[in-house]
Amino acid sequence: MKLILKRASQSEYFAFSKIANKAILAGKYPLIASNKPWSRKTILATTNKIKRKQSFAFVAKIGKNIVAMVGAWPLRGRRAHAIDLGWFVSPDYFSRGVMSKLLKFSVKELRKIGFKRAECEIVPINKASIRVAEKVGFKKEGVKRKAFRLDSGKYTNLNTYGRLL
């Protein structure tokens, strides 16, 4: 399997959004910020931000198939040197090392763009994402208590992770 890592085009972001939405509807991503599929309006707004370089996306492809994506959203004001990250991997590629390779690539590219710090938030029960973040050099920096509502309606903590680029 030849893995291609690259900055995503608008059309690649749009294509992966469709894959992510199907997985969200199927309950494959219970630990991400939203349990609802992204609306067409939201997807188009983000693709426009990517075009204007106000957001960034990176993809992992095998052949023509996009199998994973990292989204990156710059912070503002006195925190404009930092970027917030989120990631998805197609359920068919869980636990295959694709995400850690793509996240490592994304961090290098964001450093080249000029960012100095990357951040992410992960619920403690999402062991796979914690492993990926730590493997790429993120350190747990804190805990937001009861900051994430699970689909069951229960609240859980949200760990904050960061790393200097």
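## Exercises on packing in a predicted model

Ile50 touches Ala8, Tyr13, Ser55, Phe56 and Ala57, leaving aside residues up to four places away in sequence. The structure is a predicted model.

**Exercise 1.** State where Ile50 lies and whether Ile50 is buried or exposed.

Solution. Step 1: Ile50 belongs to helix H2, residues 40-51. Step 2: the relative accessibility of Ile50 is 10%. Step 3: buried means under 20% relative accessible area, so Ile50 counts as buried. Step 4: one of the residues touched by Ile50 is Ala8; the two C-alpha atoms are 8.6 Å apart, while Ile50 and Ala8 are 42 residues apart along the chain.

**Exercise 2.** Describe how helix H1 packs against H2, and name the residues in the contact.

Solution. Step 1: two packed helices are described by the angle between their axes and the distance between the axes. Step 2: for H1 (residues 10-25) and H2, the angle is about 150° and the axes are 9 Å apart. Step 3: angles over 145 degrees count as roughly antiparallel, and therefore H1 is roughly antiparallel to H2. Step 4: the crossing of H1 and H2 is right-handed. Step 5: H1 contributes Gln10, Tyr13, Phe14, Ser17 and Asn21 to the contact. From H2 come Arg40, Ile43, Leu44, Thr46, Thr47, Asn48, Ile50 and Lys51. Step 6: sorted by class, the contact of H1 with H2 holds five nonpolar, six polar and two charged residues.

**Exercise 3.** Classify the aromatic pair of Trp38 and Phe88, and say which parts of the chain the pair ties together.

Solution. Step 1: the count of aromatic pairs comes to five. Step 2: in the pair of Trp38 and Phe88, the centres are 5.1 Å apart and the planes make an angle of 80°. Step 3: planes over 60 degrees apart count as edge-to-face, so this is the class of the Trp38 and Phe88 pair. Step 4: Trp38 is in the loop between H1 and H2, and Phe88 is in strand E4 (residues 82-89), so the pair ties together parts 50 residues apart in sequence. Step 5: both Trp38 and Phe88 are buried. Step 6: ring pairs join Trp38 and Phe88 with Tyr13 and Phe16 in a cluster.

**Exercise 4.** Locate Asn159 and list its contacts.

Solution. Step 1: Asn159 sits in strand E7, residues 155-164. Step 2: its relative accessible area is 5%, so Asn159 is buried. Step 3: not counting residues up to four places away in sequence, Asn159 touches Cys120, Glu121, Ile122, Pro124, Ile130, Lys140, Gly142 and Val143.

Key: Residues are numbered from 1 along each chain as its sequence is written. This is a predicted model: local features need pLDDT of at least 70, side-chain atom pairs count only at pLDDT 80 or more; totals for chains, interfaces and linings use all residues. Side-chain values use heavy atoms; hydrogens and water are left out. Helices (H or I, at least four residues) and strands (E, at least two) are DSSP runs, numbered from the N terminus. Buried means under 20% relative accessible area, exposed over 50%, partly exposed in between (1.4 Å probe, protein chains only). Contact means heavy atoms within 4.5 Å. Axes are lines fitted to C-alpha atoms, for helices over the stretch in contact, and angles run from 0 to 180 degrees between N-to-C directions. Angles under 35 degrees count as roughly parallel, over 145 as roughly antiparallel, 65 to 115 as roughly perpendicular and the rest as oblique. A crossing is left-handed if the near helix is turned anticlockwise from the far one by less than a right angle, and right-handed if clockwise. Ala, Val, Leu, Ile, Met, Phe, Trp, Tyr, Cys and Pro count as nonpolar, Asp, Glu, Lys and Arg as charged, and the others, Gly among them, as polar. Rings of Phe, Tyr and Trp (its six-membered ring) pair if their centres lie within 6.5 Å; planes under 30 degrees apart count as stacked, over 60 as edge-to-face and the rest as tilted.
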